[in-house]
Amino acid sequence: MAILIKSEREIELIRHSCKLLAQVHEELREAIKPGVSTKDIDTLGEKLIRDMGCTPNFLNYNGYPASICVSVNEEVVHGIPRKDRILKEGDIVSLDCGLIYKGYHSDAARTYGVGPIAPELEQLIKETENSFWEGIKKAKAGNHLFEISAAIDDYISQFGYGIVTDLVGHGVGTALHEDPQIPNFRQPRRGPKLQKGMTLAIEPMINLGRSDVEWLDDDWTVVAEDGLPSAHYENTILITDGEPEVLTILD
């Protein structure tokens with residue numbers, strides 16, 4: 001496992017890529033309403049990214065056919081946008097996307113309710129995000145990578161949710177997916193030591209029910225096997241000498 005340490009110049013480029021992506025997510029959040037198709041969201045997302053002079057890094061990545069992964073309800077990740085998939089009140093929808101700015105990648109995901117949603121879904125979305133913030137309390141130089149994993153697991157386990165184990169976070173930089181892989185569940189070992197200059201995408205994927213998932217016939221869409229809803233929250237972060245810097249949120 002070769003974890004890349006970024007130079008100050010690279011960090012500035014990644015930081016800018018991430019700020020642009022945070023702006024895209026803010027715009028997309030405003031677009032989520034009953035009656036909107038998942039394809040509408042993808043079309044808007046691609047336009048926003050290209051209008052910034054950037055490239056959507058998900059489009060055609062290993063054959064993925066869209067710029068924004070739009071996953072609804074029991075879809076965990078990698079939902080393919082469709083004109084006939086119409087959002088309705090009470091749904092939850094996860095948006096996962098990234099962009100390339102001057103050769104440097106950013107990656108982030110959010111889950112939102114479509115209009116009013118059930119309290120149990122509001123809590124699922126809230127605690128999935130909270131688990132990210134609990135995890136990155138351990139994201140400090142000198143700590144070990146899997147301390148992040150354990151902190152996410154410890155936080156989520158109190159709610160009885162299912163932590164998806166088939167999919168994990170990752171490094172990010174000049175490629176969308178770099179070493180290391182970052183599980184959201186406790187590991188038997190500590191993992192590599194964190195160092196200043198690492199850029200990581202931490203992304204808890206949490207199911208309302210069991211952790212088991214399956215892939216649909218499109219070979220992309222991952223769904224909760226029990227058919228219950230799932231939430232996803234992700235940011236690209238930078239390891240520093242002190243507290244981690246969360247790059248994909250607006251100040």
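**Helices, sheets and cores**

Visitor: Which strands does H4 lie across, and at what angle to S8 does it run?
Guide: Helix H4 lies across S8 and S9, and runs at about 35 degrees to S8. Contact here means heavy atoms within 4.5 Å, while axes are lines fitted to C-alpha atoms (for helices, over the stretch in contact), with angles from 0 to 180 degrees between N-to-C directions. Keep in mind that this is a predicted model, where local features need pLDDT of at least 70, side-chain atom pairs count only at pLDDT 80 or more, and totals for chains, interfaces and linings use all residues. Numbering starts from 1 along each chain as its sequence is written, and side-chain values use heavy atoms, without hydrogens and water.

Visitor: What makes S8 an edge strand?
Guide: S8 (178-182) has a single partner strand, so one of its sides is left without a neighbour in the sheet, and S15 (245-246) is placed likewise. The order in this open sheet is S8-S7-S9-S14-S15, with antiparallel pairing.

Visitor: How do you know that S7 and S9 pair?
Guide: Two strands pair if DSSP finds at least two bridges between them. S7 (residues 169-171) and S9 (residues 199-202) have two bridges, in the antiparallel sense, so they count as a pair. As for the names, helices (H or I, at least four residues) and strands (E, at least two) are DSSP runs, numbered from the N terminus.

Visitor: How are H3 and H4 packed together?
Guide: Helix H4 (residues 145-157) packs on H3 at an angle of about 145 degrees, and their axes are 8 Å apart. Among the residues that meet are Glu 127 and Asn 130 in H3, and Ile 148 and Tyr 155 in H4.

Visitor: What classes of residue make up the contact of H3 with H4?
Guide: Five are nonpolar, three polar and two charged. Ala, Val, Leu, Ile, Met, Phe, Trp, Tyr, Cys and Pro count as nonpolar, Asp, Glu, Lys and Arg as charged, and the others, Gly among them, as polar.

Visitor: Why is a set of residues called a nonpolar core?
Guide: Its members are buried Ala, Val, Leu, Ile, Met, Phe, Trp, Tyr and Cys residues joined through side-chain atoms within 4.5 Å. Buried means under 20% relative accessible area, exposed over 50%, and partly exposed in between (1.4 Å probe, protein chains only). The largest such core has 29 residues, with Leu 28 and Ile 32 among those making the most contacts inside it. H1 gives the most to this core, with eight residues.
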